[in-house]
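Colleague: I'd like to learn how to read a helix and a ligand site from a model. Can you walk me through it?

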Amino acid sequence: MTVTETNPRIEVAGVQKRFGTVEALSDVSLTLNEGEVLGLVGDNGAGKSTLIKTLVGIHQPDAGEIRFDGEPVTIDGPKHARSMGVGTVYQDLALVDALSVAENLFLGRKPVRKLGGVVPVIDEETMTERAERILRDRLDIKLDPDTPVEYLSGGERQAIAIGRALVTDPDIVLLDEPTSALSKAAVERVEQLVEQLKESGHSVIIIDHNLEEVRSMTDRITVLFQGRTVDTLETEAVSRDDIVSMMVSGKPLADPATAGTGQSSTAQHSPSD
Ligand SMILES: Nc1ncnc2c1ncn2[C@@H]1O[C@H](COP(=O)(O)OP(=O)(O)OP(=O)(O)O)[C@@H](O)[C@H]1O
Ligand SMILES: [Mg+2]
């Protein structure tokens with residue numbers, strides 16, 4: 001799982017975000033390279049979800065910079081983020097139980113056609129066709145698009161949440177705990193989806209508390225501690241214990257043989273890293 005591409009798609013530099021007296025992000029820096037899967041780990045409250053929400057413009061940073069393809073950007077909100085090719089699966093899933101699989105996939109962005117060339121109406125046929133295609137080609141899951149989401153298993157719901165992030169055909173995918181509360185088989189399905197995304201050239205950030213899953217899915221891992229970046233390391237170069245030690249101490253690894261880029265995790269790795 002060597003990182004061959006080092007073209008930065010997203011760079012986060014010294015980002016801060018405060019909610020009243022809570023400093024959710026105090027100094028976060030990371031780079032998502034083209035075609036890589038980057039793991040984001042850290043204890044509860046470390047700021048992982050806040051960072052994802054800042055990347056899609058749900059929150060605006062109080063300080064620091066976010067760059068897309070090298071250009072500093074202000075992201076207005078999720079719609080703007082989607083228009084820049086970013087698809088997101090949020091931690092709280094937010095599927096609407098009473099709605100069908102197809103309606104959930106296209107929630108808020110259903111295809112419309114013009115009745116009599118004038119009046120916009122939801123194009124149910126196109127929606128069903130596109131839903132079938134996403135279920136079959138992207139998720140490899142056998143489900144009727146008309147099934148209400150309330151009847152789905154946890155794994156199926158998670159797949160639909162991921163499918164929803166893929167509807168706009170993003171090339172960057174942000175996944176906030178897509179495997180939490182899933183059975184082993186369902187976790188494997190998510191792992192396969194992440195693998196497929198990588199193989200098709202997507203750049204992925206994945207948040208996951210299960211370090212074995214993180215280690216099997218990612219190329220590099222960024223550790224957050226109390227709202228700041230501890231370090232970013234090549235997955236192959238770190239053990240589970242190394243990651244735990246950084247997560248609990250908030251300090252980079254002491255051993256220079258395995259230590260990464262220190263606080264300035266935006267630095268590029270040299271081939272000898
Ligand atoms: N909208 C908000 N208003 C106030 N405080 C918030 C808000 N969002 C997050 N926080 C606080 O910011 C801190 C970071 O929260 P965040 O959800 O980013 O953590 P996390 O790393 O995703 O944790 P977990 O692993 O439990 O999901 C927490 O102390 C949280 O209570
Ligand atoms: Mg979270």
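Colleague: Let's start with helix H5, residues 154–166: what should its 13 residues span, and how far apart are its end C-alpha atoms?

Modeller: Keep in mind that this is a predicted model. At 1.5 Å a residue, H5 should span 18 Å, and its end C-alpha atoms are 19 Å apart, which agrees.

Colleague: How many of the 13 residues of H5 are buried?

Modeller: Buried means under 20% relative accessible area. Ten of the 13 pass that test, so H5 is largely enclosed by the rest of the structure. Among them are Arg157, Gln158, Ile160 and Leu166. The cover over these buried residues includes strands E6 (86–89) and E9 (172–176), along with helices H3 (101–105), H4 (124–138) and H6 (184–199).

Colleague: On to the ligand. Which residues are closest to ligand 1?

Modeller: Start with the shell, then look at individual contacts. Here 14 residues surround ligand 1, and the closest are Gly45, Lys48, Ser49, Thr50 and His209. They divide into four nonpolar, seven polar and three charged. Helix H1 (48–55) and strand E2 (22–33) each supply at least two shell residues, with H1 giving the most, at three.

Colleague: Which side-chain and backbone atoms lie 2.9 Å from an oxygen of ligand 1?

Modeller: An N or O atom in the side chain of Asn44 does, and so does one in the side chain of Ser49. For Gly47, a backbone N or O atom lies at 2.9 Å. As for cover, the protein takes up 63% of the 630 Å² of accessible area that ligand 1 has on its own.

How values were computed: Residues are numbered from 1 along each chain as its sequence is written. Chains are lettered from A and ligands numbered from 1 in the order in which they are written. This is a predicted model: local features need pLDDT of at least 70, side-chain atom pairs count only at pLDDT 80 or more; totals for chains, interfaces and linings use all residues. Side-chain values use heavy atoms; hydrogens and water are left out. A residue is near a molecule or strand if one of its heavy atoms lies within 4 Å of it. A polar contact is a pair of N or O atoms within 3.5 Å; within protein, one must be able to donate a hydrogen and the other to accept it, and residues adjacent in sequence count only if both atoms are side-chain atoms. Accessible areas come from the Shrake-Rupley method with a 1.4 Å probe; for residues, only the protein chains shown count as cover. Helices (H or I, at least four residues) and strands (E, at least two) are DSSP runs, numbered from the N terminus. Ala, Val, Leu, Ile, Met, Phe, Trp, Tyr, Cys and Pro count as nonpolar, Asp, Glu, Lys and Arg as charged, and the others, Gly among them, as polar. The expected span of a helix is 1.5 Å times one less than its number of residues. Buried means under 20% relative accessible area, exposed over 50%, partly exposed in between (1.4 Å probe, protein chains only). Contact means heavy atoms within 4.5 Å.
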